[in-house]
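The sequence and model are shown first.

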Amino acid sequence: MSKTLWKQVETVAIALFQRGQAVAKKAGLVLVDTKYEFGLIDGKLTVIDEIHTPDSSRYWVAGVYGEDGEPESFDKEFLRRWFIQQGYKGEGTPPAMPADFVAQVALRYIAAYEKLTGASFVPGEMPYRERIARNLATYQSHSLDGAQRQS
């Protein structure tokens, strides 16, 4: 990676993190750390994965600690701990998650969404495959329109 591109990545990553911290603070949370994935599309720096979700970031509830002294959090550490307690360390077939545990994970993610956005969570249209296919077709159509305009 060139020094110029590295500087651009650094500048964008810091700006994204600062924005994420500001949004989290308004929600009573602390954005502890996160990951950003960048790529180049047509030579332009592009964020290529989700950002500031419980899958890519750790959020702590500001000033709230559990009985174990650990900060109350919204992230996938809850899920990781469950797998470790089941003896699963990432190799082989993972254990099936009981429905009540899946619901607990979903509720934590929904709570994080609602805190961060200030909006009520509304599940996406089901079945999801048709919704995703339709959205991808719409995106591709818009991308083609833009590419045709540039020609």
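A residue is called buried when its relative accessible area is under 20%, exposed when that area is over 50%, and partly exposed in between. On that scale aspartate 49, with a relative accessible area of 33%, is partly exposed. The model is a predicted one.

**Sheet**

Three strands form an open sheet in the order β1-β4-β5, and their pairing is antiparallel. The edge positions are taken by β1 (29–34) and β5 (71–74); each has a single partner strand, so one side of each has no neighbour in the sheet. On average, and ignoring direction, neighbouring strands of this sheet are turned by 35 degrees against each other. Three bridges connect β4 (residues 57–65) with β5 in the antiparallel sense. In β5, phenylalanine 74 is the bridge partner of tyrosine 59.

**Helices on the sheet**

Helix α1 (residues 3–26) packs on the sheet, where it touches β1 and β4, and its direction makes about 155 degrees with that of β1. Helix α3 (residues 99–117) lies across β1, β4 and β5 and runs at about 90 degrees to β5.

The length of α1 can be checked. Its 24 residues, at 1.5 Å a residue, should span 34 Å, and the end C-alpha atoms are 35 Å apart, which agrees. Leu5, Val9, Ala13, Gly20 and Ala24 of α1 are buried. The elements that cover the buried residues of α1 include β1, β2 (38–41), β3, β4 and α3. After α1 comes glycine 28, which has a positive phi near 80 degrees.

**Histidine 52**

Histidine 52 is placed in the loop between β3 (44–47) and β4. Is histidine 52 buried or exposed? Its relative accessibility is 16%, so histidine 52 counts as buried. Leaving aside residues up to four places away in sequence, histidine 52 touches Leu16, Phe17, Gly20, Leu31, Thr34, Tyr36, Ser57, Tyr59 and Leu116.

**Salt bridges**

The structure holds six salt bridges. The table gives three of them.

| Pair | Distance, N to O |
|---|---|
| Aspartate 49 and lysine 35 | 3.5 Å |
| Arginine 80 and glutamate 77 | 3.1 Å |
| Glutamate 125 and arginine 134 | 2.7 Å |

The salt bridge of aspartate 49 and lysine 35 links distant parts of the chain: aspartate 49 is in the loop between β3 and β4, lysine 35 is in the loop between β1 and β2, and they are 14 residues apart. Lysine 35, at 35% relative accessibility, counts as partly exposed.

Arginine 80 and glutamate 77 both belong to helix α2 (residues 77–85); because they are three residues apart there, about one helical turn separates them. An α-helix has 3.6 residues a turn, so residues three or four places apart point the same way. Arginine 80 is partly exposed at 42% relative accessibility, and glutamate 77 is partly exposed at 25%.

In the remaining pair of the table, glutamate 125 has 39% relative accessibility and counts as partly exposed, while arginine 134 is partly exposed with a relative accessible area of 40%. Shared partners also join salt bridges into one network made up of Lys35, Glu37 and Asp49.

Key:
Residues numbered from 1 in each chain as written. Predicted model: local features only at pLDDT ≥ 70, side-chain atom pairs only at ≥ 80, totals over all residues. Heavy atoms only, no water. Pairing = 2+ DSSP bridges. Helix = DSSP H or I, 4+ residues; strand = E, 2+ residues; numbered from the N terminus. Axes fitted to C-alpha atoms, helices over the stretch in contact; angles between N-to-C directions. Contact = heavy atoms within 4.5 Å. Buried < 20%, exposed > 50% of the residue type's maximum accessible area, 1.4 Å probe, protein only. Expected span 1.5 Å × (residues − 1). Salt bridge = Lys/Arg side-chain N within 4 Å of Asp/Glu carboxyl O.
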